[in-house]
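Subject: Structure for your review

Dear colleague,

Please find below the structure for your attention. The findings follow it.

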Amino acid sequence: MQTILRGREVEVVIDTKGPVVIIGECINPTRRKKLVSTLQENNFEYVLELADSQIKAGADVLDVNVGFPGVDDVSMLPATVLALNEKFDIPLCLDSPNPKAIEAALKAATGKCLINSVNGEERSLNILLPIAKEYGAAIIGLTMDENGITNDPEKRLRIAEKIMERAVRAGIRMEDVVIDPLAMAISADPDACMVTLETIRLVHSKLGLNITMGSSNISFGLPGREVLNSAFMTLSILNGLTCPIANPEKITAAVRATDLIMGRDDYAVRFVEHFQSGEF
């Protein structure tokens, strides 16, 4: 199954058969004080620097999150989208818990975006699915609902199935639903990664949808995060992950290596290009 996103002219195909598409995570104020201070001044130079470095490191899509205390994201998110669209031809993943900010950004954006995100709660489905339909956007579905986050992979699968069915009923094509199985910190729950991996396997085998996640969440609070994240990334791709939200400067090498080993990179072209680029 293919989920197609677009920039001005560039088209990115997320395919359940691979290769993996990387969604760059770095335009996010969490732990980036400089991003907060520059956005407060309506200065987008640092946003553009982050975008440029991620694209050079292997990002195919950019996640855009400008949420921080006190910000008016209904105006800030579309302003950031306009700045990115003017400089770069790359699809965007619009990341906000505020549906009004998502809609304002979709009005401003060029191409076909990915919305991050809806979940299995009725309120979320009722508000965001019509917005995705109206603007022709694809949407990420988080496997959580009114009962929170379950540790049962079968229940996460059923939430994914509910989101898919409701999206199709709202007029969104099935291939435009991308499921997030939820990656949680293994330092807080020893079974967290195995629950996520099994959810990925179930969604891939039973629903056949593309799968994303904020993969670096699993290593929160631990040393050696890059090693842990790379190991988890490889196992996740093997189970069906197709478009992780991650820092390309730290994960592209592992992604290219896994694609090559899985026979998704003829003659090692993408693998060699990455290491010849010096962006690792």
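Helix α3 passes α4 in a right-handed crossing; a crossing is right-handed if the near helix is turned clockwise from the far one by less than a right angle, and left-handed if anticlockwise. This is a predicted model, in which local features need pLDDT of at least 70 and side-chain atom pairs count only at pLDDT 80 or more, while totals for chains, interfaces and linings use all residues. Residues are numbered from 1 along each chain as its sequence is written, and side-chain values use heavy atoms, with hydrogens and water left out. Helices (H or I, at least four residues) and strands (E, at least two) are DSSP runs, numbered from the N terminus.

Helix packing

Helix α3 covers residues 73-87, and its packing angle with α4 is about 30°, the axes being 8 Å apart. Axes here are lines fitted to C-alpha atoms, for helices over the stretch in contact, and angles run from 0 to 180 degrees between N-to-C directions. The two helices α3 and α4 are therefore roughly parallel to each other; angles under 35 degrees count as roughly parallel, over 145 as roughly antiparallel, 65 to 115 as roughly perpendicular and the rest as oblique. On the α3 side, Asp73, Val74, Leu77, Pro78, Val81, Leu82 and Asn85 meet Lys100, Ala101, Ile102, Ala104, Ala105 and Ala108 of α4, where contact means heavy atoms within 4.5 Å. By class, the residues of this contact of α3 with α4 are 10 nonpolar, one polar and two charged. In this classification Ala, Val, Leu, Ile, Met, Phe, Trp, Tyr, Cys and Pro count as nonpolar, Asp, Glu, Lys and Arg as charged, and the others, Gly among them, as polar.

Helix α3 also packs with α2, at an angle of about 50° and with the axes 10 Å apart. That makes α2 oblique to α3. Their crossing is right-handed. Val47, Leu48 and Ala51 of α2 make the contact with Thr80, Ala83, Leu84 and Lys87 of α3. Five nonpolar residues, one polar and one charged form this contact of α2 with α3.

Helix α2 (residues 45-57) packs in turn with helix α9 (residues 248-261), at an angle of about 15° and with the axes 9 Å apart. That makes α2 roughly parallel to α9. The crossing of α2 past α9 is right-handed. Ser53, Gln54 and Ala57 in α2 meet Pro248, Glu249 and Thr252 in α9. This contact of α2 with α9 divides into two nonpolar, three polar and one charged residue.

Pockets

On a 1 Å grid over the protein atoms alone, a pocket is an open set of points where a 1.4 Å probe fits, with protein on both sides within 12 Å along at least five of seven lines, whereas a cavity is a set from which the probe cannot get out; lining residues have an atom within 4 Å of a point. Grid points are joined across faces, edges and corners, and a volume is the space filled by probe spheres set on the points.

The largest pocket has a volume of about 900 Å³. Its lining comprises 30 residues, of which Glu25, Gly214, Ser216, Asn217 and Ile245 lie nearest the centre. At least two lining residues come from each of β6 (114-119), α8 (225-239), β10 (245-246) and α9, and α8 gives the most, with three residues. The lining of the largest pocket has nine nonpolar, 12 polar and nine charged residues.

The second largest pocket has a volume of about 220 Å³. Of its 16 lining residues, Pro97, Ser117, Asn119, Ser124 and Leu128 lie nearest the centre. Two or more residues are given by each of α4 (99-108), β6 and α5 (122-135), with the largest share, five residues, coming from β6. Eight nonpolar, five polar and three charged residues line the second largest pocket.

Backbone geometry

Most residues other than glycine have a negative phi, and most peptide bonds are trans. A cis peptide bond joins asparagine 116 and serine 117, with omega about 20°; serine 117 lies in strand β6. The bond from glycine 18 to proline 19 is also cis, with omega near 0°, and proline 19 lies in the loop between β2 (11-15) and β3 (23-27). Leucine 182, although not a glycine, has a positive phi of about 75°, and is placed in the loop between β8 (177-180) and α7 (192-207).
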